[in-house]
Amino acid sequence: MKLVFAGTPEVAVPALDALIASGRHEVAAVVTRPDAPAGRGRRLVASPVAERAEEAGIEVLKPAKPRDPDFLERLREIAPDCCPVVAYGALLPRVALDVPARGWVNLHFSLLPAWRGAAPVQHALMAGDEITGASTFLIEEGLDSGPVYGTVTETIRPTDTSGDLLTRLAFAGAGLLAATMDGIEDGSLAAVPQPGEGVTLAPKISVEDARVDWTAPALRVDRVVRGCTPAPGAWTTFRGERLKLVHVVPLPDRTDLAPGQLAAGKNNVYIGTGSHAVELLWVQAQGKKPMRAADWARGARITEGEQVGD
């Protein structure tokens with residue numbers, strides 16, 4: 001088939017690579033978000049998908065919105081059979097959905113109908129799911145509600161961050177998306193409607209969602225930290241400034257600290273929660289690079305009875 005691939009961040013690059021490498025289909029063009037300011041100089045930078053497509057000599061389309069007339073005209077000129085999508089980052093209007101004969105097929109990082117929305121991996125971790133995966137489905141105008149072509153499953157490991165899990169799903173999902181294109185092309189795959197039960201939603205995680213509630217159980221604190229790492233970053237406050245929490249470990253045997261109470265030893269930092277303490281391993285103070293929590297505590301000169309999260 002002739003394909004137009006739509007995607008933007010680094011997590012979409014493995015799928016683009018898989019489609020290019022398959023040799024079975026022609027990736028005629030790539031659709032991605034416009035260049036965005038990045039770094040201290042706020043210089044405009046192309047998306048990871050745009051950079052990879054340019055390396056491969058593939059035409060890159062960067063519409064401000066996918067309903068832009070010039071973009072739609074070019075899409076019709078290319079006349080793709082199918083448009084595979086991975087984390088493109090913009091809603092596709094019906095006028096664009098109608099262009100490819102076999103539709104737009106999205107790779108979504110959950111086992112649908114669970115975790116429909118922008119942040120499925122973060123929500124799966126924060127909810128304490130043990131299994132997740134990726135699904136390919138035919139895009140409709142509803143939110144991740146279209147019929148499903150295929151799935152792959154992935155075990156969530158006890159120490160996974162959302163970054164760890166998303167990296168594994170990006171590569172497993174790349175193979176699934178390539179296989180889905182093959183199955184659509186040869187007629188061996190039919191999309192199956194999603195069940196009406198088991199629908200959960202995964203909206204984008206806000207900065208406020210990532211604030212740690214120290215009255216919650218230690219298990220919940222750990223899930224929030226892992227689910228929000230690397231983005232948007234779990235955080236609390238200390239002496240009136242924001243402190244990012246990069247890595248914590250629950251300590252079931254330590255129950256002597258009140259929620260949010262700090263205790264710093266020579267090589268360890270502990271914080272009380274609503275159940276038992278967690279050990280703080282890595283933090284990032286405002287304006288600083290990530291550092292070991294013990295080094296941060298020595299520099300901060302924590303005194304007995306100090307709190308986080310006030």
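1. Let's start on the surface. Leu143, Val199 and Leu201 come together there as a nonpolar patch, with about 260 Å² of accessible area between them. Leucine 201 sits in the loop between helix 6 and helix 7 (218-227). Its relative accessibility is 52%, so leucine 201 counts as exposed. Keep in mind as you look around that this is a predicted model.

2. Now for the aromatics. Are phenylalanine 238 and tryptophan 296 buried or exposed? Both are buried.

3. While you have helix 8 on screen, have a look at alanine 293, which is also placed there. Alanine 293 has a relative accessibility of 1%, so it counts as buried. Valine 283 is ten residues from alanine 293 in sequence, and the two are 5.6 Å apart in space, C-alpha to C-alpha.

4. Two arginines are worth checking against aromatic rings. Arginine 242 lies over the face of tryptophan 235, 4.0 Å from the ring centre. Arginine 254 does likewise with tyrosine 270, lying over the face of that ring at 4.7 Å from its centre.

5. On to the charges. Side chains of opposite charge can pair when their charged atoms come close. Searching the whole structure gives 16 salt bridges. One of them joins the side chains of aspartate 182 and arginine 24, at 3.7 Å from N to O. Here again distant parts of the chain are linked: aspartate 182 is in helix 6 (residues 162-186), while arginine 24 is in the loop between helix 1 (13-22) and strand 2 (26-31), 158 residues away. Arginine 24 has a relative accessible area of 40%, so it is classed as partly exposed.

6. Two other salt bridges deserve a click. Aspartate 98 and arginine 94 meet through their side chains at 2.9 Å, N to O. Arginine 94 is partly exposed, because its relative accessible area is 37%. The side chains of arginine 168 and aspartate 160 form a salt bridge too, with 2.8 Å from N to O. What about burial for arginine 168 and aspartate 160? Both residues are buried. Salt bridges with shared partners also build a network, in which Arg24, Asp182, Glu185 and Asp186 are joined.

7. Last, the cysteines. How many disulfides does a search of the whole structure find? The search comes back with zero. Take cysteine 83, which is in no disulfide: the nearest cysteine sulfur is that of cysteine 82, 6.5 Å away. Cysteine 83 has a relative accessible area of 0%, so it is buried. Cysteine 228 counts as buried as well, because its relative accessibility is 0%.

Terms used. Residues are numbered from 1 along each chain as its sequence is written. This is a predicted model: local features need pLDDT of at least 70, side-chain atom pairs count only at pLDDT 80 or more; totals for chains, interfaces and linings use all residues. Side-chain values use heavy atoms; hydrogens and water are left out. Buried means under 20% relative accessible area, exposed over 50%, partly exposed in between (1.4 Å probe, protein chains only). A charge sits over a ring if NZ of Lys or CZ of Arg is within 6 Å of the ring centre and within 35 degrees of the ring normal. A salt bridge is a side-chain nitrogen of Lys or Arg within 4 Å of a carboxyl oxygen of Asp or Glu. Helices (H or I, at least four residues) and strands (E, at least two) are DSSP runs, numbered from the N terminus. Patches are made of residues with over 30% relative accessible area and no salt bridge: like charges are joined within 9 Å, nonpolar side chains (Val, Leu, Ile, Met, Phe, Trp, Tyr) within 5 Å. Accessible areas come from the Shrake-Rupley method with a 1.4 Å probe; for residues, only the protein chains shown count as cover. A disulfide is a pair of cysteine sulfur atoms within 2.5 Å.
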